[in-house]
Amino acid sequence: MSFFSQKIRDYFSTNPNPYEKEPELDILVQKGNTLHVILLWLLFFYSLVYTVINYFQNAHTEMLMTAIPMAFVVVEYFLFLRGFKIISKLMNMLQVTTIVGLLSMVHSPQNCGLAFYIPILVGTQLTFFGRERIYAHILTVYIFIALLFYQTTDIQFEEKLTGHALEVDIFVNFLGAALA
């Protein structure tokens, strides 16, 4: 391992002294790490389900956007296992916030896709503990800024949904956000 990669690992490691074995972590940090792994698997599952739903709805743009997080989850899980826990958590929260926002912009915020920001905010606060807590506060500010941006702009990539398609999209988004 090179000198710089060791320095990077030392900085982002949850272990205060990286040359010792992993000390007994605070119970909240352990639970936060466990929750992060659960959220990674949940994100993988959600991405898979929404990719299949979008495939059957012939929504190719949304299908691609919901398939991308599956590749990120594999990378983030690998980083987490290699000891880069903070980087894994930051990548996860940033990519989830970005993907949910972009998905809401496909047809406009009227499809209630932004309802996913509630579990994202809760997950952010529960995942970061101890010396990682500052990242939770920074990400919370980022999420609120993103939420305000997506609510105040009416940027859309495709036509707005109407009628039955909009009702189905709202139902699926609220169901997904409630389960998350």
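pLDDT is the predictor's confidence in each residue, from 0 to 100. This is a predicted model, in which local features need pLDDT of at least 70 and side-chain atom pairs count only at pLDDT 80 or more, while totals for chains, interfaces and linings use all residues. Residues are numbered from 1 along each chain as its sequence is written, and side-chain values use heavy atoms, with hydrogens and water left out.

**Confidence**
- Over residues 17–21, pLDDT stays under 50, and the model has 5 contacts for them beyond four places in sequence (contact means heavy atoms within 4.5 Å).
- The chain has a mean pLDDT of 76, with 67% of its residues at 70 or more.

**Overall make-up**
- The chain has 7 helices and 0 strands, these being DSSP runs numbered from the N terminus (helices H or I, at least four residues; strands E, at least two).
- Of the 180 residues, 43% are buried, that is, under 20% relative accessible area with a 1.4 Å probe, protein chains only.

**Packing of α5 and α6**
- Helix α5 (residues 117–127) packs against helix α6 (residues 133–152) at an angle of about 165°, and their axes are 9 Å apart.
- The two helices, α5 and α6, are therefore roughly antiparallel to each other (angles over 145 degrees, on a scale from 0 to 180 degrees between N-to-C directions).
- Residues of α5 including Y117, I120 and L121 meet α6 residues, among them R133, A136 and L139.

Conventions:
Parallel < 35°, antiparallel > 145°, perpendicular 65-115°, else oblique. Buried < 20%, exposed > 50% of the residue type's maximum accessible area, 1.4 Å probe, protein only.
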